[in-house]
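Please keep the sequence and the 3D view at hand while reading.

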Amino acid sequence: TNHLYAQIIDDTSGKVLLGKSTRAKDLKSIKSGGNVEGATVLGENFAKAAITKGIKKVCFDRCGFAYHGRVKAFAEAARKGGLEF
């Protein structure tokens, strides 16, 4: 895939609290959203946005994708940014 998408969803109400992707206007500096570099930038920005909204603890669901490459880079960057999984 060419881009990555991430969301924080409140399971009790079914509402999306935060959604971000490598296609976001504030992430236009990313050359390719589908690689490890793009995933790292998305993870850092996603964590900042979540903390701004008062969200610190999340459950990480990789939707069946293996924990390596882009998925791992996103998760590590989000943790580094302050999110707790």
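The model is predicted, so local features need pLDDT of at least 70 and side-chain atom pairs count only at pLDDT 80 or more, while totals for chains, interfaces and linings use all residues. Residues are numbered from 1 along each chain as its sequence is written, and side-chain values use heavy atoms, with hydrogens and water left out.

**Overall fold**

The protein holds 2 helices and 2 strands, where helices (H or I, at least four residues) and strands (E, at least two) are DSSP runs numbered from the N terminus. Read along the sequence, these elements follow the pattern β-β-α-α. For 85 residues a compact globule would have a radius of gyration near 12 Å, and the protein, at 12 Å, agrees with that expectation; the radius is taken over C-alpha atoms, and the globule rule is 2.2 Å times the number of residues to the power 0.38. The C-alpha trace spans about 35 × 30 × 25 Å along its principal axes.

Of the 85 residues, 32% count as buried, a class that means under 20% relative accessible area, with exposed being over 50% and partly exposed in between (1.4 Å probe, protein chains only). Among the contacts with a separation of 6 or more, 55% join residues 24 or more positions apart, a contact being heavy atoms within 4.5 Å.

**The hairpin**

Strand E1 (residues 5-10) pairs with strand E2 (residues 15-21) in the antiparallel sense over 6 bridges; two strands pair if DSSP finds at least two bridges between them. Within this pairing, Tyr5 stands opposite Ser21 in E2, and the bridge partner of Gln7 is Gly19. The hairpin has 4 residues between its strands, and Gly14 takes a positive phi near 75° there.

**The helices and the core**

Which residues of H2 are buried? They are Val71, Ala73, Phe74, Ala75, Ala77 and Ala78, and what covers them includes E1 and helix H1 (36-52). After H2 comes Gly82, with a positive phi near 120°.

In soluble globular proteins, nonpolar side chains tend to be buried together. Here the largest nonpolar core has 18 residues, and those with the most contacts inside it are Ile8, Phe46, Ala50, Phe74 and Leu83. Such a core is a set of buried Ala, Val, Leu, Ile, Met, Phe, Trp, Tyr and Cys residues joined through side-chain atoms within 4.5 Å. The elements that give two or more residues to this core are E1, H1 and H2, and H1 supplies the largest share, 5 residues.

Leaving out residues up to four places away in sequence, Phe74 touches Ala6, Ala39, Leu42, Gly43, Phe46 and Phe60. Gly43, found in H1, in turn touches Phe74, Ala77 and Ala78 when residues up to four places away are again left out.

**Single residues**

The structure holds 1 salt bridge, a term for a side-chain nitrogen of Lys or Arg within 4 Å of a carboxyl oxygen of Asp or Glu. Lys20 forms this salt bridge with Asp26, the closest N and O atoms being 2.9 Å apart.

The table sets out the accessibility of some residues discussed in this report.

| Residue | Relative accessibility | Class |
|---|---|---|
| Lys20 | 16% | buried |
| Gly43 | 0% | buried |
| Cys63 | 59% | exposed |
| Thr52 | 70% | exposed |

Most residues other than glycine have a negative phi. Cys63, in the loop between H1 and H2, has a positive phi near 55°. Thr52 belongs to helix H1, and its C-alpha atom is separated by 26 Å from that of Asn35, 17 residues apart along the chain.
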